[in-house]
Amino acid sequence: PYIGLGPAAHSFIVQADGESRKYYRRWNNADLNAYIGASVTSFEHVRGGEILSEKELSEEKIMLALRTSSGIDAAYLRGHSEPSVLERLLARGLLVEVTNGSKHKKSAFRIPEKHLFISDSIISDLF
């Protein structure tokens, strides 16, 4: 879960109700003046939202984790992307493999810092 603050910012919310969970993404008004003029306590600044499907939830997880230094679990990404696309991105250096520091030394993938400015296009290639 994360909260987006500011115009056009997005938030991710998990709502638990007993055993079931719903995953929401919502976004704020993109117009700065409208955002500033809205009452934050009444959520007038929120302009849209959606409940995420399992596929969208996986995409959200991958999209966010690829932009971190620890990355996304390699096995998870391999299970949710086309192998040839993943190998092409690795060969071009748009994704790199890292090993986390845990006892189990799991392999992960991430976008290198020098390519973060094109992360949206890298991620869209995976889906």
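The following legends describe close-up views of a predicted model.

View A. The Ser11 side chain makes a polar contact with the backbone nitrogen of Gly4 at 2.7 Å. Beyond neighbours within four places in sequence, the residues in contact with Ser11 are Tyr2, Ile3, Gly4, Tyr24, Arg25 and Arg26.

**View B. The hairpin of β1 and β2.** Strand β2 covers residues 20-28 and pairs with β1 in the antiparallel sense over 8 bridges. The hairpin has 2 residues between its strands. Gly18, in the turn, adopts a positive phi of about 70 degrees. Asp17 has Ser20 in β2 as its bridge partner.

**View C. Pairing of β2 with β3.** Strand β3, residues 46-51, runs antiparallel to β2 and is joined to β2 by 5 bridges. Opposite Tyr24 stands Ile51 of β3. Tyr24 is also among the residues in contact with Ser11.

**View D. Packing of helices α4 and α5.** Helix α4 (residues 83-91) packs with helix α5 (residues 119-126) at an angle of about 150 degrees, and the two axes lie 9 Å apart. Because angles over 145 degrees count as roughly antiparallel, α4 and α5 are assigned to that class. On the α4 side, Val85, Leu86, Arg88 and Leu89 take part in the contact, meeting Ile122, Asp125 and Leu126 of α5. Of the residues in this contact, 5 are nonpolar and 2 are charged, with no polar residues.

Note on methods. Residues are numbered from 1 along each chain as its sequence is written. This is a predicted model: local features need pLDDT of at least 70, side-chain atom pairs count only at pLDDT 80 or more; totals for chains, interfaces and linings use all residues. Side-chain values use heavy atoms; hydrogens and water are left out. A polar contact is a pair of N or O atoms within 3.5 Å; within protein, one must be able to donate a hydrogen and the other to accept it, and residues adjacent in sequence count only if both atoms are side-chain atoms. Contact means heavy atoms within 4.5 Å. Axes are lines fitted to C-alpha atoms, for helices over the stretch in contact, and angles run from 0 to 180 degrees between N-to-C directions. Helices (H or I, at least four residues) and strands (E, at least two) are DSSP runs, numbered from the N terminus. Angles under 35 degrees count as roughly parallel, over 145 as roughly antiparallel, 65 to 115 as roughly perpendicular and the rest as oblique. Ala, Val, Leu, Ile, Met, Phe, Trp, Tyr, Cys and Pro count as nonpolar, Asp, Glu, Lys and Arg as charged, and the others, Gly among them, as polar. Two strands pair if DSSP finds at least two bridges between them.
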